[in-house]
Amino acid sequence: MHTGEFLSQFIMEEQRRFKDASGDFSGLLNDICTACKVISNGVNKGALIGVLGSAETENVQGETQKKLDILSNEVFLQCNEWTGHLGAMASEEMDDIYPIPDQYPRGKYLLVFDPLDGSSNIDVNISVGTIFSILRCPDHIKEPTAKDFLLPGTKQVCGGYALYGPSTMLVLTTGNGVNGFTLDQNIGEFVLTHANMMIPEDTQEFAINASNMRFWEAPVNRYIDECLAGTTGVRDKNFNMRWVASMVAEVHRILVRGGIFMYPKDNKDPTKAGKLRLLYEANPMSFIVEQAGGISSTGRERIMDIVPDGLHQRVPVILGSKNEVDRVVSYHDDVKG
Ligand code: AHM
Ligand code: MG
């Protein structure tokens with residue numbers, strides 16, 4: 001019998017590339033992988049174990065939480081608080097950071113995550129995911145505070161997501177390309193199935209929530225109008241459209257077959273710069289997309305260059321196939337100039 005390469009082997013081989021590695025980072029990745037397996041199991045059982053539906057509570061961003069949002073958040077905390085690898089955690093579902101409880105040793109990494117992204121899909125049995133980002137705690141900080149998390153995306157040590165779709169996958173980068181693993185439910189291991197994922201530079205597929213069209217800015221309207229015009233317009237080719245309402249599923253599709261994903265700046269709620277959160281949605285996804293040869297921008301700047309001003313800061317997101325994202329960015333430049 002022959003198996004593919006397990007994620008645990010992949011992690012160990014990555015560790016061996018760094019002769020001074022302590023094993024902390026490898027341990028942390030393995031714990032994250034365990035957390036994702038537990039969440040996958042809960043998502044998969046769904047109504048059978050009574051985890052669907054609303055929890056009737058709101059998170060710090062005023063969004064109603066689903067039961068699975070809260071349960072997945074707890075799974076991440078439980079799988080990672082005792083290990084000694086982390087100084088603190090932060091997530092979409094917690095107002096403030098979660099310091100490692102006093103009874104456990106503290107480690108040198110910080111973990112930020114969106115435990116269940118695309119939660120509006122849970123009750124209708126459509127793909128959801130988990131997004132995570134690992135940062136290094138600034139040197140000599142024994143008790144990290146929220147400001148220690150406010151690092152630009154370029155400082156990430158790892159960005160990754162788990163996709164709970166027809167199969168469960170884990171896709172991650174540590175800055176050395178992007179690799180995808182599929183969970184073999186029978187043996188409980190992630191197996192390397194998508195080595196060195198690369199995003200095609202060109203695409204004829206876009207993803208945007210078009211119900212927000214009247215709120216978009218001119219450069220985004222221009223781009224989408226041109227896509228919709230297809231062979232009758234300046235692009236002289238037809239485009240296809242998808243919107244899963246789960247960023248993890250959209251980014252995964254783009255990694256596999258190319259595309260452009262946008263949740264751009266709009267004037268629906270002028271107090272919000274965008275919908276998606278910088279630290280635990282936009283940054284890890286941008287790290288993955290860039291490592292796979294794509295681009296990730298707000299339309300005005302590279303997302304990973306932004307110095308965060310808060311744990312739950314929102315940003316516009318335009319990412320995917322290089323030539324299409326370049327084009328949307330150039331339309332923003334045209335307006336500036
Ligand atoms: P969530 O983290 O509360 O689930 O929200 C993030 C999700 C993204 O996965 C997705 O791209 C977007 O929100 C969908 O938003 P909309 O419902 O406006 O289409
Ligand atoms: Mg989310």
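The questions and answers below concern a predicted model and set its computed values against the cut-offs behind each term.

Q: What makes the approach of E92 to ligand 1 a polar contact?
A: A polar side-chain atom of E92 lies 3.0 Å from an oxygen atom of ligand 1, and because a pair of N or O atoms counts as a polar contact within 3.5 Å, the term applies here. By the same cut-off of 3.5 Å, the term also covers D114, with an N or O atom of its side chain 3.2 Å from an oxygen atom of the ligand, and N209, with a polar side-chain atom 2.8 Å from an oxygen atom of ligand 1. Taken alone, ligand 1 exposes 470 Å², of which the protein buries 86%.

Q: How do you know that ligand 1 lies between domain 1 and domain 2?
A: Domain 1 (7–194) and domain 2 (205–336) both give residues to the shell around ligand 1, so the ligand lies between them. There are 17 residues around the ligand, and D117, G118, N209, M247 and Y263 come nearest. The shell divides into six nonpolar, four polar and seven charged residues.

Q: What makes the pair of F76 and F113 tilted?
A: The angle between the planes of F76 and F113 is 35°, with the centres 4.6 Å apart; since under 30 degrees would count as stacked and over 60 as edge-to-face, the rest being tilted, the pair is called tilted. F76 belongs to helix α3 (residues 67–80) and F113 to strand β5, and the pair links parts of the chain 37 residues apart. Both F76 and F113 are buried.

Q: Why does L48 count as exposed?
A: The relative accessibility of L48 is 76%, and because exposed means over 50%, the residue falls in that class. L48 is placed in the loop between α2 (24–45) and β1 (54–58).

Q: How do you know that A245 is partly exposed, and what is said of its phi?
A: A245 has a relative accessible area of 31%, and since buried means under 20% and exposed over 50%, with partly exposed in between, the intermediate term applies. The phi of A245 is positive, about 65°, although this residue is not a glycine. Most residues other than glycine have a negative phi. A245 lies in the loop between β12 (240–241) and α5 (247–257).

Q: Why is helix α6 described as mostly covered?
A: Twelve of the 14 residues in helix α6 (residues 278–291) are buried, and because buried means under 20% relative accessible area, each of those twelve falls below that limit. Among them are L278, Y280, F287 and V289. G293, whose phi is positive, near 90°, follows α6.

Technical notes:
Residues numbered from 1 in each chain as written. Chains lettered and ligands numbered in written order. Predicted model: local features only at pLDDT ≥ 70, side-chain atom pairs only at ≥ 80, totals over all residues. Heavy atoms only, no water. Near = heavy atom within 4 Å. Polar contact = N/O pair within 3.5 Å; in protein donor to acceptor, adjacent residues only side chain to side chain. Areas by Shrake-Rupley, 256 points an atom, 1.4 Å probe, with all protein chains shown as cover. Nonpolar A, V, L, I, M, F, W, Y, C, P; charged D, E, K, R; others polar. Domains from an automatic or database assignment. Phe/Tyr/Trp six-rings, centres within 6.5 Å; stacked < 30°, edge-to-face > 60°. Helix = DSSP H or I, 4+ residues; strand = E, 2+ residues; numbered from the N terminus. Buried < 20%, exposed > 50% of the residue type's maximum accessible area, 1.4 Å probe, protein only.
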